[in-house]
There are 2 protein chains.
Amino acid sequence: MALVIALDGMGGDSAPEIVVDGAGMALRGHADLRFLLFGDESRIAPLLPAHPELAGRIELVHTPDFVAADAKPSQAVRQGRNSSMRLSIDAVRSGAAAAAVSAGNTGALMGMATVVLRTLPGIDRPAIAATLPTRRKPVIVLDLGANVVCTDDNLLQFGVMGEVFSRVVLGVPKPRVGLLNIGTEELKGDDVVRQAATRLKDASLHIDFIGFIEGHDVTDGVADVVVTDGFTGNVALKIAEGTAGMFTAALREIFTSGWRSRLGYLIARPALRKLRDRFDPRRYNGAMFLGLNGVVVKSHGGTDALGFANAIHVAADLVRRRTNERIIEEMAELASRRPATPAAAAS
Amino acid sequence: MALVIALDGMGGDSAPEIVVDGAGMALRGHADLRFLLFGDESRIAPLLPAHPELAGRIELVHTPDFVAADAKPSQAVRQGRNSSMRLSIDAVRSGAAAAAVSAGNTGALMGMATVVLRTLPGIDRPAIAATLPTRRKPVIVLDLGANVVCTDDNLLQFGVMGEVFSRVVLGVPKPRVGLLNIGTEELKGDDVVRQAATRLKDASLHIDFIGFIEGHDVTDGVADVVVTDGFTGNVALKIAEGTAGMFTAALREIFTSGWRSRLGYLIARPALRKLRDRFDPRRYNGAMFLGLNGVVVKSHGGTDALGFANAIHVAADLVRRRTNERIIEEMAELASRRPATPAAAAS
């Protein structure tokens with residue numbers, strides 16, 4: 001059966017080119033994908049002849065309006081009702097598409113998606129989630145910036161959503177869920193993380209809660225799911241990306257710094273390419289908006305076709321694994337187990 | 001004139017060996033240093049004959065009591081009055097030493113130092129600060145974990161202290177101070193960071209406040225001073241260290257993965273060693289407890305003699321540059337410029 005993905009053709013630094021190229025690339029090995037592409041026909045139509053693989057698999061909906069990269073989210077939500085971003089999300093709501101993918105303005109996309117799709121039963125706030133490389137298997141981290149301030153309820157829900165993703169999409173049999181903190185002792189952190197730890201410990205369900213973890217534990221692969229507030233998560237993600245970029249740049253500098261280093265590079269190149277591929281940010285592109293009543297994935301604005309294709313696959317996986325239905329089931333079970341007074345669980 | 005540093009001989013994974021070795025190493029190029037070493041004589045005395053360079057430059061004060069690595073800070077403060085850690089700090093208070101260096105329990109050291117030394121005039125809370133490598137010059141980041149929850153007052157004071165350190169110790173003529181956030185727009189973040197931004201903008205003094213910066217800006221070297229709360233700073237530091245460690249491990253794995261890669265490594269080795277040296281964590285060892293009425297530096301517990309020697313140099317630099325006196329001056333000037341009602345400055 002075909003799986004239709006709505007694409008925001010106008011979002012991202014190199015739209016619409018990388019969107020069309022990415023859609024074509026996403027078909028490889030995923031012949032069931034179909035695309036509903038929203039964007040400016042005069043810019044997109046000329047790109048299609050170069051992609052015969054998309055023929056009969058893509059429908060272009062002329063949408064001249066788009067959300068600017070620097071638009072204020074609140075303004076975009078109000079004024080962007082005919083934008084390519086908004087119509088992509090509307091297509092998920094109407095059922096015309098199973099998921100939406102955009103490389104546009106993150107805040108606007110989250111705002112629109114929340115207004116249009118609302119949250120899943122039992123989920124108060126959606127979270128931005130992404131997989132990151134570690135020394136072992138990739139880890140899912142959430143929230144990465146949707147919620148600057150979080151309650152223990154929010155963090156508990158993020159834990160449930162992350163665990164479901166890890167289990168049903170990544171196939172981890174019993175995901176270890178860790179709560180990001182500045183130490184592993186029970187007394188560390190503020191009231192919210194300590195209360196969230198109590199809640200996650202009591203939640204049972206499928207959750208293998210391993211307690212507090214620290215920053216270096218994330219990259220050490222100590223957990224399969226890392227739960228944190230959106231402020232900490234966003235800073236952590238970006239400083240990890242920054243550190244990786246700094247190392248990559250320093251390595252590149254070294255391997256072009258003289259004939260001897262260049263020769264060493266040429267000889268070690270096959271292995272160094274494996275290293276590059278392993279940490280290639282494009283392989284991890286596609287941030288999921290978990291907790292919404294519909295699948296929406298945000299591609300990095302600066303990615304290329306390969307990265308955009310990966311974001312499409314992330315969206316398709318979420319749909320195929322019926323992730324949202326599983327989250328609803330978990331939250332219903334959690335609610336049925338929770339004591340009548342929420343305060344009692346936190347005490 | 002001699003500069004006396006009090007050393008906690010029993011703190012850290014490899015104490016007292018690395019403390020003694022580090023003290024000896026610290027003398028190279030710093031012949032004015034003298035040490036007051038607190039620790040178990042039966043374990044330390046046998047180490048000294050191997051260090052003729054320390055003869056006449058180190059005084060050993062027999063101190064059998066020490067703070068355990070896993071001690072609860074509050075308990076250590078109450079019960080560790082005769083510990084090597086506490087006596088090192090007491091020596092700063094009495095004037096017997098100009099600074100104290102310990103590789104022991106961070107929480108206990110901060111707790112004891114705050115109780116014994118108190119904060120500088122104008123400073124409400126001390127901060128843990130450290131320099132980190134970036135693509136450009138090293139940056140100073142604070143707070144790294146002393147204050148889980150911060151007020152805008154705290155963040156403003158961290159900015160002033162960081163700026164003084166950058167200017168008088170690192171020699172940056174006009175340090176750029178950035179406030180860590182999840183976006184650079186004025187509306188991003190929670191109330192505290194937004195109010196702190198207003199305060200830092202209004203502070204004038206020497207502060208070149210460049211506004212909000214994001215995680216990747218830290219490693220890009222966009223700022224000379226990065227201000228953040230202790231929760232975010234601690235997670236950011238540890239995930240940056242974790243990412244660096246992950247890369248280093250992956251590189252090592254690759255360069256030992258077959259004869260071809262090994263050969264490439266051997267050829268490129270001189271350049272790769274430069275890379276290793278540039279990011280060597282030992283070169284950045286020595287977290288400063290800024291804002292205390294006395295100089296206290298925390299060495300990483302797992303460092304070696306070179307790292308410990310670096311922490312000693314960090315302490316000596318803080319003393320030589322009269323950093324605390326400069327902070328007091330800045331805070332006094334800030335207070336004289338501040339409107340009568342603190343609330344008015346934050347609005």
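Q: Let's start with A:F247 and B:F279: buried or exposed?
A: A:F247 and B:F279 are both buried, buried being under 20% relative accessible area, exposed over 50% and partly exposed in between, with a 1.4 Å probe and protein chains only. Keep in mind that this is a predicted model, where local features need pLDDT of at least 70, side-chain atom pairs count only at pLDDT 80 or more, and totals for chains, interfaces and linings use all residues. Residues are numbered from 1 along each chain as its sequence is written, chains are lettered from A and ligands numbered from 1 in the order in which they are written, and side-chain values use heavy atoms, leaving out hydrogens and water.

Q: And A:F279 with B:F247, how are those rings arranged?
A: They're stacked, because the ring centres of A:F279 and B:F247 are 4.7 Å apart and the planes sit at 25°. For the rule, rings of Phe, Tyr and Trp (its six-membered ring) pair with centres within 6.5 Å; planes under 30 degrees apart are stacked, over 60 edge-to-face, and the rest tilted.

Q: Which helices do A:F279 and B:F247 lie in?
A: A:F279 is in α10 (residues 259-279) of chain A and B:F247 in α9 of chain B, so this pair joins two chains. Helices here are DSSP runs of H or I with at least four residues, numbered from the N terminus. A:F279 and B:F247 are buried, too.

Q: What do ring pairs link into a cluster?
A: A:F247, A:F279, B:F247 and B:F279.

Q: Switching topic: how many residues are in contact between chain B and chain A?
A: 56 residues of chain B touch 56 of chain A, contact being heavy atoms within 4.5 Å.

Q: What's the area buried there?
A: About 4,800 Å², with carbon and sulfur atoms giving 78% of it. That's the accessible area (1.4 Å probe) that the two parts lose on being put together, summed over both.

Q: How many salt bridges across the interface of chain B and chain A?
A: The rule finds two, taking a side-chain nitrogen of Lys or Arg within 4 Å of a carboxyl oxygen of Asp or Glu. B:E214 forms a salt bridge with A:K238, with the closest N and O atoms 2.2 Å apart.

Q: Which elements of chain B each supply at least two residues to the side touching chain A?
A: α8 (215-220), α9 (230-254) and α10 (259-279). α9(B) gives the most, with 21 residues.
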